[in-house]
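Biologist: Hi, could you walk me through this one? I'd like to start with charges and then move on to rings and packing.

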Amino acid sequence: MTIGLRDLFYAPITEDDQGNVIYGTPVRMAKAISAGLSVEVAEAILYADDAVDEVERAFVSGELKLNVNDLIPSTAAVLLGQTQDDNGVLIAGEDDDPPYVAVGFRARKTKGMYKYIWFYKVKFGIPDESYKTKGDGIEFSTPEIVGKLIKNQKGDWKADHVAAPTDAIAEAWFNAVYMPVKAE
C-alpha cells in the first residue's frame, strides 16, 4: 500500500563500444502526480499425464504512464528526442527518435517507509495534449507521458527497494541508477 508519490527522475542511457549500457546522472523530470504500470507477461503451460506439469512466466514488456505537473521544454526535448532552437522553442519533427532512459521515483508507504523504484529501460512516446478554455472555475490540465518498458542487456527491467529514507541504499537512490549487487 502506498500513500504518496514523489521525486521523479530520469537518467540518460548511452552505450560504450562493446554495447554495454551506461547510465548517466539522474535528472529531476517533473513533479509527480501519478504513475501507473502495466506489464505484459508471456506464459507457457506444459501438460503431462493429463494435467498441468509446469507453468513458465516471463516478462515481455511494460507500459509506464506518468502524469506530471509540467514538462519543461528542455526535459521534453530529451525524453521525446526533439530539439530546442536558439530561442529555446521546442521543435517536434518527423525524424524525432526518443532515446531510452531509466526512470526512478519513490512512493510513500506507512510507518515512515518508502518504496524506491528504478525502471532500467524506457522509451517515451509523444504525450497526448488537451487544452480547455477557462470557465467559471479553475481546472488544471497536466501532461501524461507514456513509456514502453523493456529489459536492459542483462535482462533486468526494474529495481524495487522498500526502506526508510535514512537507509544507505535509499539515501543514494537518486544519485545514480541502482545496479544489482551480486554475491560472488
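Modeller: Happy to! I call it a salt bridge when a side-chain nitrogen of Lys or Arg is within 4 Å of a carboxyl oxygen of Asp or Glu. This is a predicted model, so local features need pLDDT of at least 70 and side-chain atom pairs count only at pLDDT 80 or more, while totals for chains, interfaces and linings use all residues. Residues are numbered from 1 along each chain as its sequence is written, and side-chain values use heavy atoms, leaving out hydrogens and water.

Biologist: Got it. How many salt bridges are there in the whole structure?

Modeller: The search finds seven. One of them joins the side chains of Asp7 and Arg106, at 2.5 Å from N to O. Asp7 is in strand β1 and Arg106 in strand β8, 99 residues apart, so this pair links distant parts of the chain. Strands here are DSSP runs of E with at least two residues, helices are runs of H or I with at least four, and the numbering goes from the N terminus.

Biologist: Are Asp7 and Arg106 buried or exposed?

Modeller: Both are buried. Buried means under 20% relative accessible area, exposed means over 50%, and partly exposed is in between, using a 1.4 Å probe and protein chains only. Asp7 counts as buried because its relative accessibility is 13%, and Arg106 because its value is 14%.

Biologist: What else does Arg106 touch?

Modeller: Leaving aside residues up to four places away in sequence, its contacts include Leu5, Tyr114, Lys115, Pro165 and Phe174. A contact means heavy atoms within 4.5 Å. The Arg106 side chain also makes a polar contact with the side chain of Tyr116, at 3.4 Å. For that term I need a pair of N or O atoms within 3.5 Å; within protein, one must be able to donate a hydrogen and the other to accept it, and residues adjacent in sequence count only if both atoms are side-chain atoms.

Biologist: And which ring does the charged end of Arg106 sit over?

Modeller: That of Tyr114, 4.1 Å from the ring centre. The rule asks for NZ of Lys or CZ of Arg within 6 Å of the ring centre and within 35 degrees of the ring normal. Lys121 likewise lies over the face of Tyr100, at 4.6 Å from the ring centre.

Biologist: Since we're on rings, how many aromatic pairs are there?

Modeller: Ten, if rings of Phe, Tyr and Trp (its six-membered ring) pair when their centres lie within 6.5 Å, with planes under 30 degrees apart called stacked, over 60 edge-to-face and the rest tilted. Phe9 and Phe174 are a stacked pair, 4.6 Å centre to centre with 15° between the planes. They are 165 residues apart: Phe9 is in strand β1 (residues 6–15), Phe174 in the segment after α2 (168–171). Phe9 and Phe174 are both buried. For another geometry, take Tyr23 and Tyr120: their centres are 6.1 Å apart and their planes at 45°, so that pair is tilted.

Biologist: Which residues make up the aromatic cluster with Phe9 and Phe174?

Modeller: Tyr114, Tyr116, Trp118, Trp173 and Tyr178 belong to that cluster with them.

Biologist: New topic: which residues touch the most other members in the largest nonpolar core?

Modeller: Met29, Leu66, Leu79, Val103 and Phe124, out of 21 residues in that core. A nonpolar core is a set of buried Ala, Val, Leu, Ile, Met, Phe, Trp, Tyr and Cys residues joined through side-chain atoms within 4.5 Å. The elements that each supply at least two residues of it include β1, β5 (51–68) and α1 (73–80).

Biologist: Which residues of α1 are buried?

Modeller: Thr75, Ala76, Ala77, Leu79 and Leu80. Just after α1, Gly81 takes a positive phi of about 70°.

Biologist: Last one: where is Asn20?

Modeller: In the loop between β1 and β2. Asn20 counts as partly exposed because its relative accessibility is 37%. Its C-alpha atom is separated by 9.6 Å from that of Asn152, 132 residues apart along the chain.
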